[in-house]
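Trainee: I am new to this one. Could you take me through it, one question at a time?

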Amino acid sequence: MAVIATAAAILSALHLLALAIGLPAVVLRALALREASDPAALRRVFAADAAWGFAALLWLATGPVRAFGPFEKGATFYLSSPLFHAKLGLFLAVFALEIAPMAGLIRWRMALGRGESPDVGAARLFGILSWIEAALVVAIVFVAAFMARGFGLAR
Ligand code: HEM
């Protein structure tokens, strides 16, 4: 029992730390993308992007384990919670919006790796997508808080 409870606490802490890293990171990425033609700002874009990517991995590593493992309220609770489905839907929306910036920033890194200056023409679009993703993460936090307290469940 103590092992499960300890693991549950660690998973919960990592899940919340992902938020403490991810939300500021995607906002800082959006801000740095405004000056993407400036090499110093581009380095900030890449640093924020790396932190955002790390946060996404933390959410993916801890979220499903918490939902479907023996650590929280169990799979039946979450699968019967409309808010859990809403949360997953919002998370998938963030992922879908992230495909273009993720691919674009990989291209930029590769261009720099070849000693070329990257075409940052899409920086404005990636900035707008980053702001929308940040807003979706904030929405997920509210949905998660209500979900965790059983809102939306059939009584
Ligand atoms: C952007 C991504 C995510 C954010 C910002 C996020 C945020 C949160 C927050 C703030 C809580 C704590 C809620 C509270 O106790 O008041 C939480 C709990 C939880 N999250 Fe996430 N989460 C994310 C992704 C995921 C994913 C992908 C899954 C599962 C597939 C997931 C499953 C859970 C579970 C099972 C809990 C525990 C809820 C409970 O205490 O019953 N999360 N999440």
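The questions below go from the overall fold to the helix pairs and the metal site.

Trainee: Which elements make up the protein chain, and in what order do they run?
Mentor: Keep in mind that this is a predicted model. The chain has zero strands. Its helices number five. From the N terminus on, the order is α-α-α-α-α.

Trainee: What box do the C-alpha atoms fill?
Mentor: The box is taken along the principal axes. Its dimensions are roughly 55 × 30 × 20 Å.

Trainee: How are α1 and α5 oriented to each other?
Mentor: Helix α1 covers residues 2-33, and helix α5 covers residues 123-148. Their axes are 8 Å apart, at an angle of about 155°. Angles over 145 degrees count as roughly antiparallel. Therefore α1 and α5 are roughly antiparallel.

Trainee: Which residues of α1 make that contact with α5, and how many nonpolar residues does the contact have?
Mentor: From α1 come L19, L23, V26, V27, R29, A30, L31 and L33. Among their partners in α5 are F126, W131 and V141. By class, the contact has two polar and two charged residues. The nonpolar residues number 14.

Trainee: How do α4 and α5 lie relative to each other?
Mentor: Their axes come within 9 Å and cross at roughly 155°. That makes α4 roughly antiparallel to α5. By class, the contact has 23 nonpolar, one polar and three charged residues. The crossing of α4 and α5 is left-handed.

Trainee: Which residues of α4 meet α1?
Mentor: On the α1 side, the residues are H15, R29 and L33. By class, this contact has four nonpolar, one polar and three charged residues. The α4 residues are K87, E98, P101, L105 and W108.

Trainee: Which residues coordinate the iron atom of the ligand, and how far apart in sequence are the parts they tie together?
Mentor: The coordinating atoms are NE2 of H15 and NZ of K87, at 1.8 to 2.0 Å. H15 lies in helix α1 and K87 in helix α4. So the pair ties together parts that are apart in sequence by 72 residues.

Trainee: What is the geometry of the iron site?
Mentor: Six octahedral donors have ideal angles of 90 or 180 degrees. Here the iron atom of the ligand has six donor atoms. The angles among them are 80 to 179°. The site is octahedral.

Notes: Residues numbered from 1 in each chain as written. Predicted model: local features only at pLDDT ≥ 70, side-chain atom pairs only at ≥ 80, totals over all residues. Heavy atoms only, no water. Axes fitted to C-alpha atoms, helices over the stretch in contact; angles between N-to-C directions. Helix = DSSP H or I, 4+ residues; strand = E, 2+ residues; numbered from the N terminus. Contact = heavy atoms within 4.5 Å. Nonpolar A, V, L, I, M, F, W, Y, C, P; charged D, E, K, R; others polar. Donors = N, O, S within 2.8 Å, 3.2 Å for Na, K, Ca; no water. Tetrahedral: all angles 85-135°; square planar, octahedral: opposite > 155°, others 65-115°. Parallel < 35°, antiparallel > 145°, perpendicular 65-115°, else oblique. Left-handed = near helix turned anticlockwise from the far one by under 90°.
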